[in-house]
Amino acid sequence: MAAPPIQQETAPWLLENGSYKVLTKESHHGRTAHNMSSSSLRKKSDLTLVSKVQCGLLRSFLTNLQEVILGTKLSILFPAIPLAIVANYCNFGRPWIFALSLLALMPLAERVSFLTEQIAYFTGPTVGGLLNATCGNATELIIAIFALCQNKIDVVKYSLLGSILSNLLLVLGTSLFCGGLGTLGKQQKYDRRQADVNMLLLFLGLLCQLLPLLFRVAGGYTTVTTVAALQLSRASSIVMLVAYVVYIVFQLWTHRQLFEADEEAGEGQEEETPVIGFWSGFVWLVGMTIVIALLSEYVVATIEDASNSWGLSVSFISIILLPIVGNAAEHAGAIIFAFKDKLDISLGVALGSSCQISMFVIPVCVIVAWIAGIDMDLNFNTVETGCLAVAIITTAFTLQVLLTTLLIKEKKTKELTFPPCRPFK
């Protein structure tokens, strides 16, 4: 069977399950900011030794193993996975189990992003975008579900709140600061349409979280208002999930070009092609998810012991440590791209991840708790909700000031470059 001709507008094809799969240009440029940020920590694998293996099945397995396990700069942390499992079964110190599990989650979160991108080469950008929308914050979602199963509602709320705050304040703030250092004397530009959509979703999520809090404050902390606030939270969660589904349709179908990673971000780099097959990527993705679930169970079970041993409160560990460690690879990639003057990718990571947690992960946790018979509402208490509101308003104000500054500079540049013409005599 002859291979299909490669046209100029198509990327290389790949043999998968006996048939040729053409990778269109659309598939390559459908990468999201999450994929682009994680790709900054990847490295090319040297398959010279693996290619000399005679057995085809063994060669394929070793190739996949090298690409998945050794294809990241965080591969040095993979030994923490067996160490955490051994420490748990040998009844080592529970703070050690907590620390090893946190370290092991860092490369796993980055590899999940890598595997979803590999699957997207075969399924197309739409299905790949759905996978990224579902698995983008898989670590936070799995940890939250395990915490719910153990009725640790405060850990769930603090960890999800910390994820939003770390993305808006730490990641975005560091990206803007580092981007300014890396582009001294130049203007940093970004797509305001994508940022506006994400900020509006964040304000919608904040409104849904304010309603139960204001309801309980106005009605007093009684049993009647507690039940009514719980019902209001569940109704608001359904509205948030519907809004998130509409947002996904807006992002992947009707206005996909607004959310695609900037094509100029790949300048100077070779055209990427898939390194593993579809079914291999799917199996690895399922396996990685199972390992993340196991380590998340260790984290939730040992968080109190780590708190007592280290002298840190559970709220501090949940708000600060869990979000930063869980998405360290993605956050580092966002900062690296900000240094390279790719501010759209940094904004896509910070704002996109915050929207996903606010509009998808939090309401899903409320619905799962409802199904499990656990009373979890959207009331994050006054101080925590106030911090979230200040963070969102500060981010919106900062982006608006940045945009206004850019518009003023562009207007002055045009006035200096193109002076008014004198009438012709």
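Accessible areas are computed by the Shrake-Rupley method with a 1.4 Å probe, and for residues only the protein chains shown count as cover. The model is predicted, so local features need pLDDT of at least 70 and side-chain atom pairs pLDDT 80 or more, while totals for chains, interfaces and linings use all residues. Residues are numbered from 1 along each chain as its sequence is written, and side-chain values use heavy atoms, without hydrogens and water.

**View 1. The whole chain.** The chain exposes about 20800 Å², of which carbon and sulfur atoms supply 66%. It holds 15 helices and two strands (DSSP runs, H or I of at least four residues for helices and E of at least two for strands, numbered from the N terminus). Of its 425 residues, 49% are buried (under 20% relative accessible area; exposed is over 50%, partly exposed in between; 1.4 Å probe, protein chains only).

**View 2. Surroundings of L351.** Beyond its neighbours within four places in sequence, L351 is in contact with L168, L172, A195, N198, M199, L202, T395 and L399 (contact means heavy atoms within 4.5 Å).

**View 3. Helices α13 and α14.** The axes of α13 (residues 328–339) and α14 come within 7 Å and cross at roughly 150 degrees (lines fitted to C-alpha atoms over the stretch in contact, with angles from 0 to 180 degrees between N-to-C directions). E330, A334, F337 and A338 of α13 meet I345, S346, V349 and S353 of α14.

**View 4. The loop residue F92.** F92 sits in the loop between α4 (80–89) and α5 (94–123). F92 is partly exposed, at a relative accessible area of 49%. Apart from neighbours within four places in sequence, F92 is in contact with A87 and I97.
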